[in-house]
Amino acid sequence: MLKRQRRWTQGAVVFVATFALACGSGAPADEEQASAEAGAAAMAPPVDPATAATITGRVVFEGAPPAMDPIDMSEEPTCAGKHPNGAFTEQVVVNDNGTLRNVFVYVKEGLGDRAFPTPSEPVVLDQVGCVYHPHVLGVQVGQALVIRNSDGLLHNINARPSMNRPFNVSQPTTMETTRTFGAAEVMVPVACDVHGWMQAYIGVVEHPYFGTTGDDGTFSLAQLPPGDYVVEAWHERYGTQTMNVTVAANETKEIEFRFSAAMAAHAVVPLGEPIDPHDHAAGARGAASTAGTASGAR
């Protein structure tokens, strides 16, 4: 009787162990499948090209263009020689067609939880003739920013963000320095302590939907998923304006922002303010306090 009971106990142990192994053998497969699905989702494009939309437009300056202030570079003849017609500040640059240059335009809200790949190509901030080129630029979070000294004389790059780590880099000769930003922030002011007139602004965002107006005052936010967006236009003297824009699949919508010299007296120019694309209440508050009124989408 004792031997029979011992054999039954041993058999039960073997059965339980075999059953556990059989049940457990599916776990790695389930984990591998879940991992594969997550990987596929990560590799999937955040926007379907077949339905992508575009927001395009321009920034208009109303009224007589203000005069651009000259820069005295007499103490830096190397830089002065690179400006045969004289050097001027770029705080307000009105183009020949009545549009405003150096306005940073970007999607402030509406992208939800979409994640976008970090571009492999760097953005370049150059120093030529003791002037930053470009004066206003954008970069994605984690994207390389290459700061170049093309003058071959002493510059230093003093970046003063509030959401990211500040840096102050000396460049005594022709060289390049690379930095990245870990958090979204509009805008990051940059200055040179050696040449007080040198200023630039960097808009750091988590997506590729941004641009800076150039010599024709236009911008384009292409390959957008259809949806409702808050688009913001930022200018260093005239403050910000926001606009609600809805785009359907394959639609191109044209919008227009308008700034004027009178806005400078009351403008609040955000520097180092974080972007929270999910906080629509904050966006509504910001829209209510913008300097000036943006025209509606057409």
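**Exercise 1. The nonpolar cores**

How many residues does the largest nonpolar core have, and which of them have the most contacts inside it? Work this out on the model above, which is a predicted one.

*Solution.* 
Step 1. Start with the count: the largest nonpolar core has 28 residues. Inside it, Ile55, Val231, Phe257 and Phe259 have the most contacts.

Step 2. Now trace the core back to the strands. At least two core residues come from each of S1 (53–62), S4 (104–109), S15 (218–224), S16 (227–235), S17 (239–247) and S18 (252–260). S1 gives the most, with four residues.

Step 3. Look beyond this core too. Another core of 26 residues lies apart from it, and Val123, Ile147, Leu153 and Val169 are among its members.

**Exercise 2. An open sheet**

*Solution.* 
Step 1. Reading across the sheet, the order is S14-S4-S16-S17, with antiparallel pairing.

Step 2. S14 (210–212) and S17 each have a single partner strand, so these two stand at the edges and one side of each lacks a neighbour in the sheet.

Step 3. For the geometry, ignore strand direction: neighbouring strands are turned against each other by 25° on average.

Step 4. Zoom in on one pairing. Three bridges join S4 and S14 in the antiparallel sense, and Phe104 has Thr212 in S14 as its bridge partner.

**Exercise 3. Phe104 and its ring partner**

Stay with Phe104: is it buried or exposed, and how is its ring set against that of Phe210?

*Solution.* 
Step 1. The relative accessible area of Phe104 is 0%, so this residue is buried.

Step 2. The ring centres of Phe104 and Phe210 are 6.0 Å apart, and the planes make an angle of 35°. Stacked pairs need planes under 30 degrees apart and edge-to-face pairs over 60, so this pair is tilted.

Step 3. Phe104 belongs to strand S4 and Phe210 to strand S14, so the pair ties together parts 106 residues apart in sequence.

Step 4. For context, the model has eight aromatic pairs. Ring pairs also join Phe61, Tyr238 and Phe259 in a cluster.

**Exercise 4. Salt bridges**

How many salt bridges does the structure hold?

*Solution.* 
Step 1. The total is seven salt bridges.

Step 2. Glu62 meets Arg258 at 2.5 Å, N to O. The bridge links distant parts of the chain, since Glu62 is in strand S1 and Arg258 in strand S18, 196 residues apart.

Step 3. Lys108 meets Glu232 at 3.1 Å, N to O. Lys108 is in strand S4 and Glu232 in strand S16, so this pair connects parts 124 residues apart in sequence. Here both partners, Lys108 and Glu232, are buried.

Step 4. Lys253 pairs with Glu251, their closest N and O atoms being 3.6 Å apart. Lys253 counts as buried at 16% relative accessibility, whereas Glu251 is partly exposed at 26%.

**Exercise 5. A charge over a ring**

Which ring does Arg179 lie over?

*Solution.* 
Arg179 sits over the face of Phe167, at 5.7 Å from the ring centre.

Definitions and conventions
Residues numbered from 1 in each chain as written. Predicted model: local features only at pLDDT ≥ 70, side-chain atom pairs only at ≥ 80, totals over all residues. Heavy atoms only, no water. Core = buried A, V, L, I, M, F, W, Y, C linked by side-chain atoms within 4.5 Å. Buried < 20%, exposed > 50% of the residue type's maximum accessible area, 1.4 Å probe, protein only. Pairing = 2+ DSSP bridges. Axes fitted to C-alpha atoms, helices over the stretch in contact; angles between N-to-C directions. Salt bridge = Lys/Arg side-chain N within 4 Å of Asp/Glu carboxyl O. Phe/Tyr/Trp six-rings, centres within 6.5 Å; stacked < 30°, edge-to-face > 60°. Lys NZ or Arg CZ within 6 Å of the ring centre and 35° of its normal.
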